[in-house]
Amino acid sequence: MIIDVRKLNAQKQYHGSMEFSYSAPDNLIAIPYVKFAGPVEVRFEFELYEDDALEIKGTVKYVLEGQCSRCLKDARQEVIGELDALFEPSDNAEDYSYTRGVILLNQAVDESISASMPYILSCGEGCVALRYSDEPTTKR
Ligand SMILES: [Zn+2]
């Protein structure tokens with residue numbers, strides 16, 4: 001995933017929206033026995049400033065599939081995370097930086113996916129492990 005800032009400048013395209021379909025690496029997922037059901041949908045609006053800094057604001061959307069972390073049944077869950085980054089044309093910027101007029105988006109997108117990643121996968125509200133009615137009751 002790249003943004004060619006030179007091309008945007010040449011076309012005087014200083015704002016707009018972009019979409020990428022990204023095959024994210026499974027090592028972004030910390031939940032055991034869970035993987036991405038398909039590519040991550042990356043959508044954002046961009047703004048290119050006079051100093052060639054480029055700001056993006058949007059979302060990452062993905063579906064996780066695998067075993068419910070509680071009852072081990074098959075489970076799927078859609079997750080939407082926020083994507084918000086500022087890329088500066090410099091080697092020592094505090095946020096994300098880029099050189100030679102080309103922005104690589106992968107690091108910012110990977111971090112957005114990691115930040116939105118749930119700690120567990122749940123098969124839903126009907127998950128048997130979430131109900132307490134099966135627990136033994138104490139009688140006097
Ligand atoms: Zn479950």
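Q: How many bridges join E3 to E5, and which way do they run?
A: Strand E3 (residues 34-36) and E5 are joined by 3 bridges and run antiparallel, where strands (E, at least two residues) and helices (H or I, at least four) are DSSP runs numbered from the N terminus, and two strands count as paired if DSSP finds at least two bridges between them. Within that pairing Val-34 stands opposite Gly-66 in E5.

Q: Before going on, what kind of model is this?
A: This is a predicted model, in which local features need pLDDT of at least 70 and side-chain atom pairs count only at pLDDT 80 or more, while totals for chains, interfaces and linings use all residues. Residues are numbered from 1 along each chain as its sequence is written.

Q: OK, what about E4 and E5?
A: E4 and E5 run antiparallel and are joined by 8 bridges, with Glu-47 opposite Glu-55 in E5. The hairpin of these two strands has 5 residues between them, and Asp-52 takes a positive phi near 70° there.

Q: How many bridges join E5 to E6?

A: E5 and E6 are joined by 14 bridges and run antiparallel, and Val-60 stands opposite Gly-81 in E6.

Q: And which strand does E2 pair with?

A: E2 pairs with strand E4 (residues 40-48) in the antiparallel sense, over 8 bridges, and Phe-20 stands opposite Val-42 in E4. Strand E2 (residues 15-22) has 8 residues, of which the number buried is 0, so the strand lies largely in the open.

Q: Switching to helices: which residues of H2 are buried?

A: In helix H2 (residues 106-116) the buried residues are Ala-108, Val-109, Ser-112 and Ile-113. Seen down the axis of H2, these fall within an arc of 135°, so they line one face of the helix; the arc is that of the directions from the helix axis to the C-beta atoms. On the other side of H2, Gln-107 and Ala-115 are exposed.

Q: What covers that buried face?

A: The cover over the buried residues of H2 includes E2, E4, strand E5 (54-67), strand E6 (74-88) and strand E7 (96-97).

Q: Which residues have the most contacts inside the largest nonpolar core?

A: That core has 19 residues, and those with the most contacts inside it are Val-42, Leu-54, Ile-56, Val-60, Leu-83, Ile-103 and Val-109; a nonpolar core is a set of buried Ala, Val, Leu, Ile, Met, Phe, Trp, Tyr and Cys residues joined through C-beta atoms within 7 Å. The elements that give two or more residues to this core are E4, E5, E6 and H2. Apart from it lies another core, of 6 residues, among them Ile-29, Val-34, Leu-121 and Cys-123.

Q: What is Ile-56 in contact with?

A: Leaving aside neighbours within four places in sequence, Ile-56 is in contact with Phe-44, Phe-46, Leu-83 and Ala-85, where contact requires C-beta atoms, placed from the backbone, to lie within 7 Å.

Q: Last topic, the whole chain: how many helices and strands are there?

A: There are 2 helices and 8 strands in the protein, and read along the sequence they follow the pattern β-α-β-β-β-β-β-β-β-α. The radius of gyration, taken over C-alpha atoms, is 21 Å, well over the 14 Å that the globule rule gives for 140 residues, so the protein is more spread out than a compact globule; the rule is 2.2 Å times the number of residues to the power 0.38. The C-alpha atoms fill a box of roughly 80 × 25 × 20 Å, taken along the principal axes, and 19% of the 140 residues count as buried.

Notes:
Buried ≥ 20, exposed ≤ 12 C-beta atoms within 10 Å, placed from the backbone. Contact = placed C-beta atoms within 7 Å.
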